[in-house]
Amino acid sequence: EIVLVGLGAQDKWRVEDLRRACGQASRACLNGRGTRLGLVLPDADASRYRYSASPEEIAQAMTEGVLLGSYHFSKYKKSKSKRPRPQDLEKVYVVAPDSLKRSIEHGVERATIYAQATRFARDLVNEPPVALKPADLASRAQALLRPQGIKVKIFSPQEIKRLGMNTF
């Protein structure tokens, strides 16, 4: 099955439009029970002209679109379908000239890091308060940040009050 996503008039294209289009493509793929998605990187010269972006930035935007567009929080949902929607894409192919391979890889790597962080934050936000208490949130922050060498300080309710963090 092939899904084509239009970007509108060429003279009005922006990188954000490309990011959103790739997100729509990934959602369409998953909603159709697909697990693999192929994308064609816009021509490098056209990318600089139309998007004012390098091939690396274009690859980053496309990858972010795919990864964030396919995000869904279904931890507490029961599927009524005999063939539930796949949770995530198994494979994403980017068709581009070999000469751009290094740039594409850098863009994809950066996008993957950003998208993973965003998806992690979305998961936390989507948890109901009864399932993610402040102490649990603090533990998750520690588990994520300490291995990276980032110092984590957790404030007690008394410290929060003393610091005047009333709206926190």
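I looked up Cys 29 first. In this predicted model, Cys 29 is buried, at a relative accessible area of 13%. That value is under the 20% limit, so Cys 29 counts as buried.

I then turned to Cys 22. Its relative accessibility is 4%, and Cys 22 is therefore also in the buried class.

Next I went to the largest nonpolar core. I found 16 residues in this core, and I noted Leu 37, Leu 41 and Met 62 as the members that touch the most other members. I checked which elements supply at least two residues each, and listed α1 (15–31), β1 (36–40) and α3. Of the core residues, 5 come from α1, which gives the most. For background I wrote down that nonpolar side chains in soluble globular proteins tend to be buried together.

Leaving aside residues up to four places away in sequence, I found Met 62 in contact with Leu 18, Cys 22, Leu 39, Val 40, Leu 41 and Pro 42.

My last entry is on Gln 60. I located Gln 60 in helix α3, which covers residues 55–69. Is Gln 60 buried or exposed? I read a relative accessible area of 11%, so Gln 60 is buried. I also looked up what Gln 60 touches beyond four places in sequence, and recorded Gly 107, Arg 110, Ala 111 and Tyr 114.

Terms used: Residues are numbered from 1 along each chain as its sequence is written. This is a predicted model: local features need pLDDT of at least 70, side-chain atom pairs count only at pLDDT 80 or more; totals for chains, interfaces and linings use all residues. Side-chain values use heavy atoms; hydrogens and water are left out. Helices (H or I, at least four residues) and strands (E, at least two) are DSSP runs, numbered from the N terminus. Buried means under 20% relative accessible area, exposed over 50%, partly exposed in between (1.4 Å probe, protein chains only). Contact means heavy atoms within 4.5 Å. A nonpolar core is a set of buried Ala, Val, Leu, Ile, Met, Phe, Trp, Tyr and Cys residues joined through side-chain atoms within 4.5 Å.
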